[in-house]
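Here are my notes on the model you sent over.

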Amino acid sequence: MTPLRSFVLASTLALASASALLMPGGALAQEASPQTESPAVREIEVVVDRGYKPVRIEVDEGERVRLKFVRREYTPCTREVLLPSLNIRQELPPNKPVIVELPPLKAGDVEFQCGMKMVRGTLVVTPRKG
Ligand SMILES: [Cu+2]
């Protein structure tokens, strides 16, 4: 073997091992895992304008819910919304919809309120039947 030939062979082997490193057993295919069936999330719009509208919202136990707050007033009173039982506190800039994702809820009432607890609303979580 001439020195040149062996150099070429070595380079080819190096390339081959390099490309093998780039494809470690289909790691890319693993990342693109099949889509998990996530239950649909129900989005409920709550307008903040001299109170929460609607002020009472019924959802089912375990239902996936997100609240979309749209604050249409500038009074500092409703600058924040709190869901104390869920440890949620969220700023609501005027005229900018804000999504608040909720965890699966247990049956019972979940209050939402302004920072001063003057303006209030209730999520009524009804028990799942059967
Ligand atoms: Cu207030």
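1. A definition to start with: a residue is buried if 20 or more other C-beta atoms lie within 10 Å of its own, exposed if 12 or fewer, and partly exposed in between, with C-beta atoms placed from the backbone. By that count Arg-50 is exposed, because it has 12 C-beta neighbours inside 10 Å. Arg-50 sits in the loop between S1 and S2, and its phi is positive, about 55 degrees, although it is not a glycine. The hairpin that S1 and S2 make has three residues between the strands.

2. Some housekeeping. This is a predicted model, so local features need pLDDT of at least 70 and side-chain atom pairs count only at pLDDT 80 or more, while totals for chains, interfaces and linings use all residues. Numbering runs from 1 along each chain as its sequence is written.

3. How confident is the predictor? pLDDT is its confidence in each residue, from 0 to 100. The protein chain has a mean pLDDT of 82, and 69% of its residues reach 70 or more. A contact here is two residues whose C-beta atoms, placed from the backbone, lie within 7 Å.

4. Overall layout. You'll find two helices and nine strands in the protein chain, and along the sequence they read α-α-β-β-β-β-β-β-β-β-β. Helices (H or I, at least four residues) and strands (E, at least two) are DSSP runs, numbered from the N terminus. Of the contacts with a separation of 6 or more, 53% are between residues 24 or more positions apart. Buried residues make up 14% of the 130 residues.

5. The four-strand sheet. This one is open, ordered S2-S1-S4-S7, with mixed pairing. S2 and S7 (98-101) stand at the edges with a single partner strand each, so one side of each has no neighbour in the sheet. Two strands count as paired if DSSP finds at least two bridges between them. In general, strands of a sheet pair through backbone hydrogen bonds, either parallel or antiparallel.

6. S1 (residues 42-48) and S4 (residues 65-71) are parallel, over seven bridges; Arg-42 stands opposite Val-65 and Ile-44 opposite Leu-67. On the S7 side, S4 pairs in the antiparallel sense over four bridges, and there Leu-67 faces Val-100. S1 and S2 (residues 52-53) run antiparallel, joined by two bridges, with Lys-53 as the bridge partner of Val-47.

7. Lys-53 and Pro-54 are joined by a cis peptide bond, with omega about 0 degrees. Pro-54 lies in the loop between S2 and S3 (56-60).

8. The five-strand sheet. Also open and mixed in its pairing, this sheet has the order S3-S9-S8-S5-S6. The edge strands are S3 and S6 (88-91), each pairing on one side only. From one strand to the next the twist averages 20 degrees, where axes are lines fitted to C-alpha atoms (for helices, over the stretch in contact) and angles run from 0 to 180 degrees between N-to-C directions. S8 and S9 are antiparallel over six bridges, and Glu-111 stands opposite Thr-122.

9. Lys-117, in the loop between S8 and S9, has a positive phi of about 60 degrees and is not a glycine. Lys-117 is exposed, with 10 other C-beta atoms within 10 Å.

10. Which residues touch the most other members of the largest nonpolar core? They are Val-46, Val-48, Leu-67, Phe-69, Val-81 and Leu-105, out of 15 residues. S1, S4, S8 (108-114) and S9 (120-126) are the elements that give two or more residues to this core. The term means a set of buried Ala, Val, Leu, Ile, Met, Phe, Trp, Tyr and Cys residues joined through C-beta atoms within 7 Å.

11. Two close-ups to finish. Leaving aside neighbours within four places in sequence, Leu-105 is in contact with Val-59, Glu-61, Val-65, Val-110 and Val-125. S4 has a covered face of Val-65, Leu-67, Phe-69 and Arg-71, and an uncovered one of Arg-66, Lys-68 and Val-70.

Key:
pLDDT is the predictor's confidence in each residue, from 0 to 100.
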